[in-house]
Amino acid sequence: MISLKKASIFQESAVLIRNLDVEFNPGEFWGIIGKNGVGKSTLLNVLAGMSNHYEGEIQIDGQPLNQINHRVRAQKISYLLQEQEPCLAFLVEEAIGMGRFPWLTTKSEDIDITGEVMNQCQINHLQGRSILKLSGGERRKVEIGTCLAQQSGHLLLDEPLNHLDVVYQKHIMQVFKQYSQRNAVIMVCHDIEAVKKYCSHVLMLLGNDCYLSGTSATILTETNLNKLFDDSSQLN
Amino acid sequence: MGVFHNASKLWLVSVLLMLGLIITALLVGSVTTPINALWDANSPYYEVIWQLRFPRIINALMVGACLSLAGLLIQNLVKNPLADPYLLGVSGGAAAVQLLVIVTGLSLAPLMLFLFGFVGSLLAALLLLKLSYHGELRPNKITLNGVVLAFGFAAFISFVLATASGQQVKSMMFWLMGDLSFAQFNWLMPILLLIMMLLLMKKARALDLLARGDLFAQKSGVNTKQLNLQSFVMTALLTSMAVAQAGTIGFVGLIIPHMVRLLVGYQHKHLIPMSMVVGAGFLLLADTLARTVMNPIQLPVGIFTAMIGVPVFLWLNRKL
């Protein structure tokens, strides 16, 4: 469980989200929606322990986030970054195997898990290829595979559907949905239809310190979506 | 894995090449000695081989291993393929201190000169660290500050050279282009090198993740702040040892890590030991050429690291 109590999220010194109270539980598939620059990715960065620009209380499985060491945190949380960084030419299976870093499992276990994940992500045919020679979509699949291989209790996804074709989008959303049966999955996504279809819960960030959270049915109403997308309306 | 899919085969080839190289290096020089001089204590060349050539060969191997390992680390740290160990300004620091020693005419024991250079280069690295560290080490800060600092040191060195006497200039030039002929064997270097290799092998997996980017490593559970700092310190130590021992030898730290990546792929568990072996062998080859090609004149080894390294690297890079 990831819980935020009166949490404020900063970027540099500006506050993006103020007094956020929300709990992400195993079995829930959360969609985070909101306009550009409202703090969606920054929130995921904070939850993944990549940024400590926050105030208030954030706990992962009952432990304060800032007291968890790096390896243990990665056992609890895996994070799909929005964009890949430039890097060296690792092979696809080496790249996915890197997801096993936080766990002190044996090499053969790691190989088994890597194989399973490659099946699950339908990227068996990419085995032996350098990740630098993949297309944008293929590379995205490898990144997703790396996160799944991490087998963490919580999965944070920053715009996972980027670069993916429509058929694969459907497939991978099913994979995430399945993952969320035993874990918490939190996804930042601009595709409202996908959020409607797959997410059980929604956190809608409206800017100006306003947010709405709850089950998809209660949040994704026409009125709320109008609030989100109407430039002129502002909530107090 | 890169070109070689079989690690043990690659190791076998490397060890055989290395042995051949060492034996050749023992036998050639200002005089070419017969092979039985290696074990025949009565041979007039026995002493030449074991008192003069052998320590120099060991030094060449160690300096080569230090430089290529340092290059591997710094390229991974700053994520820049053009980075070489001298980016940390350590060569400038060592040069400044050792040149001052030469100019003032202080005659020091070789170990003292080594220690002076070592301290000078560490001070330069500390200065760079101080300038680039803001709560954490930022790769692009290191790169920029390092390049700018190197210009500063270069200006200082030019100043010293411009005002020094002719004889002094010659010995300094040798030093600035890298030269193993003054190097004296000391135990500090192999011991430190071995310790650092073992420490790095323990970090091999974390270093792989760091090669995928700082954010990637961090989100995957690597303490990147700590690992970046450790990489910096180790690079500084390794380069300082090499510079103090043999001056500024170019190309080894820049080219060998790339060559080894092409050979064994990108995993540090292979890269670390193989860089050390290839770097060591490469510098020994260059040094052996430096002391034999224009016999009896000895040339700076830096000429040969470039003359061999550049074409070999360009060829490898074209092929893959």
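The legends below walk through several close-up views of a predicted model.

Residues are numbered from 1 along each chain as its sequence is written, while chains are lettered from A and ligands numbered from 1 in the order in which they are written. Because the model is predicted, local features need pLDDT of at least 70 and side-chain atom pairs count only at pLDDT 80 or more, whereas totals for chains, interfaces and linings use all residues.

**View 1. Chain B as a whole.** Chain B holds 13 helices and two strands; helices (H or I, at least four residues) and strands (E, at least two) are DSSP runs, numbered from the N terminus. Its C-alpha atoms fill a box of roughly 65 × 55 × 35 Å along the principal axes. How does the radius of gyration of chain B, 20 Å, fit a compact globule of 320 residues? It agrees, because such a globule would have a radius near 20 Å. The radius is taken over C-alpha atoms, and the globule rule is 2.2 Å times the number of residues to the power 0.38. Of the 320 residues in chain B, 48% count as buried. Here buried means that 20 or more other C-beta atoms lie within 10 Å of the residue's own, with C-beta atoms placed from the backbone.

**View 2. The largest nonpolar core.** A nonpolar core is a set of buried Ala, Val, Leu, Ile, Met, Phe, Trp, Tyr and Cys residues joined through C-beta atoms within 7 Å. The largest one has 80 residues, and B:Val63, B:Cys66, B:Leu69, B:Leu238 and B:Leu283 touch the most other members. Helix H2 (residues 46–78) of chain B gives the largest share of this core, 15 residues. A second, separate core of 78 residues includes A:Ala7, A:Leu44, A:Leu81 and A:Leu157. In soluble globular proteins, nonpolar side chains tend to be buried together.

**View 3. Around B:Leu69.** Which residues is B:Leu69 in contact with, leaving aside its neighbours within four places in sequence? They are B:Leu238, B:Ile272, B:Ser275, B:Met276 and B:Gly279. Two residues are in contact if their C-beta atoms, placed from the backbone, lie within 7 Å. Across chain B, among contacts between residues at least 6 apart in sequence, 75% join residues at least 24 apart.

**View 4. Where chain B meets chain A.** This contact takes 17 residues from chain B and 19 residues from chain A. On the chain B side, helix H8 (204–211) and helix H9 (214–219) each supply at least two residues. That side divides into six nonpolar, six polar and five charged residues. Ala, Val, Leu, Ile, Met, Phe, Trp, Tyr, Cys and Pro count as nonpolar, Asp, Glu, Lys and Arg as charged, and the others, Gly among them, as polar.

**View 5. The two domains of chain A.** An automatic or database domain assignment supplies the bounds: domain 1 of chain A is 1–68 + 153–236, and domain 2 is 83–152. Their centres, taken over C-alpha atoms, are separated by 25 Å. Eleven residues of domain 1 of chain A are in contact with eight residues of domain 2 of chain A. On the domain 1 side, strand S7 (154–158) and helix H6 (166–179) of chain A give two or more residues. The largest share, three residues, comes from H6(A).

**View 6. An open sheet in chain A.** Four strands lie in the order S2-S1-S4-S5 (chain A), with antiparallel pairing; two strands pair if DSSP finds at least two bridges between them. Strand S2 (14–24) and strand S5 (63–64) of chain A are the edges, each pairing on one side only.
- Seven bridges join strand S1 (residues 2–11) of chain A to S2(A), and A:Ser3 has A:Glu23 as its bridge partner.
- S1(A) and S4(A) pair over six bridges, with A:Leu4 opposite A:Ile58.
- Strand S4 (residues 54–60) of chain A and S5(A) pair over two bridges, with A:Ile60 opposite A:Gln63.

In the hairpin of S1(A) and S2(A), which has two residues between the strands, A:Glu12 takes a positive phi near 55 degrees.

View 7. Seven of the eight residues of helix H1 (residues 40–47) of chain A are buried, so the helix is largely enclosed by the rest of the structure. The buried residues include A:Leu43 and A:Leu44. After H1(A) comes A:Gly49, whose phi is positive, near 80 degrees. Strand S6 (residues 77–80) of chain A has both faces covered: A:Ile77 and A:Tyr79 are buried on one side, A:Ser78 and A:Leu80 on the other. S6(A) and S7(A) run parallel, joined by four bridges, and A:Ile77 stands opposite A:His154 in S7(A).

Methods:
A residue is buried if 20 or more other C-beta atoms lie within 10 Å of its own, exposed if 12 or fewer, and partly exposed in between; C-beta atoms are placed from the backbone.
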